[in-house]
Amino acid sequence: HGKENVDSRHSRGRGGETTRFHTVNVAQPVRFSSKLQTGKSGPSCPTGWHHYEGTASCYRVYLNGENYWDAVQTCQRVNGSLATFTADQELRFILAQEWDLEEKTFVRKDQRRFWVGYQYVITNRNHSLEGHWEVAYKGSSEVFLPPDPIFGTAMSESENVLCAQLQCFHFPTLRHHGLHSWYAENCYEKSSFLCKRSQTCVDIKDNIVDEGYYFTPKGNDPCLSCTCHNGEPEMCVAALCERPQGCQQYRKDPKECCKFTCLDP
């Protein structure tokens, strides 16, 4: 529709008769067949999670100090697992994030350690500790394994399996240079931890949407209706709204389709 409010327009047709075009005061659907670009529809993660397109995944740091096994269960409850990494770029993305870490801390203020989804299996305890990293969950297809670890201080003589902590730095300059360390620590120590889950469809009211359902994506026009497919909005239909009658200045409601607030005196 044109921006001005017009009830009808006239144009001269063939043979001199007048053709009338009426603006329609209902929402008009317009279909988009391709999926929305991520930048337009907002990241496909619930609030509090960080989205990385490279793996179509969401990441979140949990600050409540838990031992490794409790951290595993917490991640599973949010349909995720302790984070493992498929490539160096994914790890660099994690290191560059500014995680919300102000409330609680278990180590020095300038550095943070998180449980992640690897375990160090000790094979020899003679002169020095020897062993190898494994992905904690055999079902995962990750190929990236950490380098040799720094051994934690709370190690027990009897433990043959240690759990992985990724140490990140809080200072922006260190963070953006990707500095980090890998620790093999007693699994019963308490620590913050990093969960990872698949990206998901999130609607405009921050609800998670199941595969195949219609929804209005977060960060978009509230008149958009899309289908959730592989965690992304696809086959979207947009409704175009007539401007409100008898109102010069108005504000659109960001969460409701075709709802306006008149700002006229």
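Two strands are taken to pair if DSSP finds at least two bridges between them. Strands (E, at least two residues) and helices (H or I, at least four) are DSSP runs, numbered from the N terminus. The model is predicted: local features need pLDDT of at least 70, side-chain atom pairs count only at pLDDT 80 or more, and totals for chains, interfaces and linings use all residues. Residues are numbered from 1 along each chain as its sequence is written, and side-chain values use heavy atoms, with hydrogens and water left out.

Strand β5 (57–66) pairs with β12 (residues 191–198) in the antiparallel sense, over seven bridges. V61 has L194 as its bridge partner in β12. β5 also runs antiparallel to β4 (residues 50–52), joined by three bridges. Here H50 stands opposite Y59. Four residues lie between the strands of this hairpin, and A56 takes a positive phi near 50 degrees. Seven of the ten residues of β5 are buried, so the strand is largely enclosed by the rest of the structure. Buried denotes under 20% relative accessible area, exposed over 50%, and partly exposed in between (1.4 Å probe, protein chains only).

A nonpolar core is a set of buried Ala, Val, Leu, Ile, Met, Phe, Trp, Tyr and Cys residues joined through side-chain atoms within 4.5 Å. The largest has 26 residues; L194 and W182 are among those with the most contacts inside it. β7 (111–124) gives the most, with five residues. A second, separate core of 14 residues includes Y62, V72, C187 and C195.

G131 lies in β8 (residues 130–135). At 28% relative accessibility, G131 is partly exposed.
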